[in-house]
Amino acid sequence: MNTEARIVEIGQIEAPVGEIRFLCLPGRDLFSRRAERFRHLSHGHPVGDYLDFLALLADAQQAALNRFPTLPPPDPGELELCREHGMPLLSAQSWVRNPAWRESLTMILHQLENADLPPATIDTVTSLLQESEIGLEKMADRILTGDLDVISPQELPFVAAALQVYWVHMAAALGENAFGRLEQGGVCPVCGSLPNAGIVNSGGAEQGLRYLCCSLCASRWHMVRIKCSCCESTHGIDHFILEGSNGAVKAESCDDCNSYLKLLYLEKDNQMEATADDLATLALDMLMDKTGKSRGGPNLFYHPGRV
């Protein structure tokens with residue numbers, strides 16, 4: 001593994017913040033694009049079977065999103081309160097979920113019932129279809145709070161997939177103007193979740209700009225580079241890459257809080273997708289673990305400690 005350290009003068013990388021688009025919400029074709037990327041990455045990959053499974057799961061997510069019912073928007077007073085106080089409107093911690101998310105889970109599970117999957121995975125599908133509403137809501141609460149110790153690696157992808165569909169639908173339906181900046185720059189301004197990766201754009205007015213990518217709702221928000229997404233320190237920032245790689249994916253680490261977050265450089269590969277390419281570079285996570293650094297945000301399809 002190689003490590004790089006950079007010293008950057010203020011203004012050398014990015015335009016003044018006022019000229020930069022702050023928030024980009026997910027498109028309604030998000031999951032179909034993600035499925036395509038999973039399939040591309042699976043060829044010859046050490047965990048190719050899992051990436052192929054996630055492609056099928058993303059296909060099912062797209063079908064569920066396409067059929068998602070129209071839901072009532074938040075109260076206008078709540079919207080203004082969140083904007084005034086810098087709080088995420090669709091907070092994963094406090095937003096009262098509509099039961100429609102469970103309908104998406106059911107659609108996803110039924111679509112995968114007859115897929116060519118291992119018997120153990122089909123058993124998980126069957127088990128989740130029989131799970132009680134209370135049981136599913138408890139699973140959702142634990143996933144959204146990062147308490148995965150009691151969530152099995154087999155159940156996690158399915159429940160997380162349905163939660164993603166719900167939050168993507170709500171974010172896209174409300175539009176960018178519903179959301180404001182938060183005091184804490186490293187959490188999603190839409191749902192308050194942590195990012196699973198960052199993307200450094202290529203080409204046009206956004207050349208070189210970094211956007212953090214939400215692990216839940218897939219929204220992207222701007223954060224200046226060479227700054228820790230966890231503690232916002234600008235000191236002790238290093239970049240690590242895998243030996244022999246082209247540098248398309250780097251781990252940006254922080255000595256102050258001992259965390260890291262992957263950055264995807266679109267100038268190296270403009271087809272990269274945050275969730276898919278994060279999972280396809282788990283070797284970099286394992287090497288970062290050896291340095292004593294911890295991930296700065298989750299990937300909801302990766303159970304910690306169980307690759």
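A bit of housekeeping: residues are numbered from 1 along each chain as its sequence is written, and side-chain values use heavy atoms, without hydrogens and water. Since this is a prediction, local features need pLDDT of at least 70 and side-chain atom pairs count only at pLDDT 80 or more, while totals for chains, interfaces and linings use all residues.

**The helix pair**

Helices (H or I, at least four residues) and strands (E, at least two) are DSSP runs, numbered from the N terminus. Helix H2 (residues 48–66) packs against helix H4 (residues 100–113) at an angle of about 135°, and their axes are 9 Å apart. Those axes are lines fitted to C-alpha atoms, for helices over the stretch in contact, with angles running from 0 to 180 degrees between N-to-C directions. H2 and H4 are therefore oblique to each other; angles under 35 degrees count as roughly parallel, over 145 as roughly antiparallel, 65 to 115 as roughly perpendicular and the rest as oblique.

**The strands**

Strand S3 (residues 195–200) has six of its six residues buried, so it is largely enclosed by the rest of the structure. Buried here means under 20% relative accessible area, with exposed over 50% and partly exposed in between (1.4 Å probe, protein chains only). Strand S7 (residues 249–254) is mostly covered too, with six of its six residues buried. Val249, Ala251 and Ser253 point one way from S7, and Lys250, Glu252 and Cys254 point the other way.

Here is how the strands pair up; DSSP has to find at least two bridges between two strands for them to count.

| Pair | Bridges | Sense |
|---|---|---|
| S3 and S4 (residues 210–214) | five bridges | antiparallel |
| S3 and S8 (residues 259–265) | three bridges | parallel |
| S6 (residues 237–241) and S7 | four bridges | antiparallel |
| S7 and S8 | six bridges | antiparallel |

Glycine 198 stands opposite leucine 212 in S4 and also opposite leucine 263 in S8. Leucine 263 is in turn the bridge partner of lysine 250. Over in S7, alanine 251 partners phenylalanine 240. S7 and S8 form a hairpin with four residues between them, and asparagine 258 in the turn has a positive phi of about 65°.

**Leucine 300**

Leucine 300 lies in the segment after strand S9 (294–295). At 10% relative accessibility, leucine 300 counts as buried. Leaving aside neighbours within four places in sequence, leucine 300 is in contact (heavy atoms within 4.5 Å) with Ile143, Leu156, Ala160, Gln164, Ser215 and Leu216.
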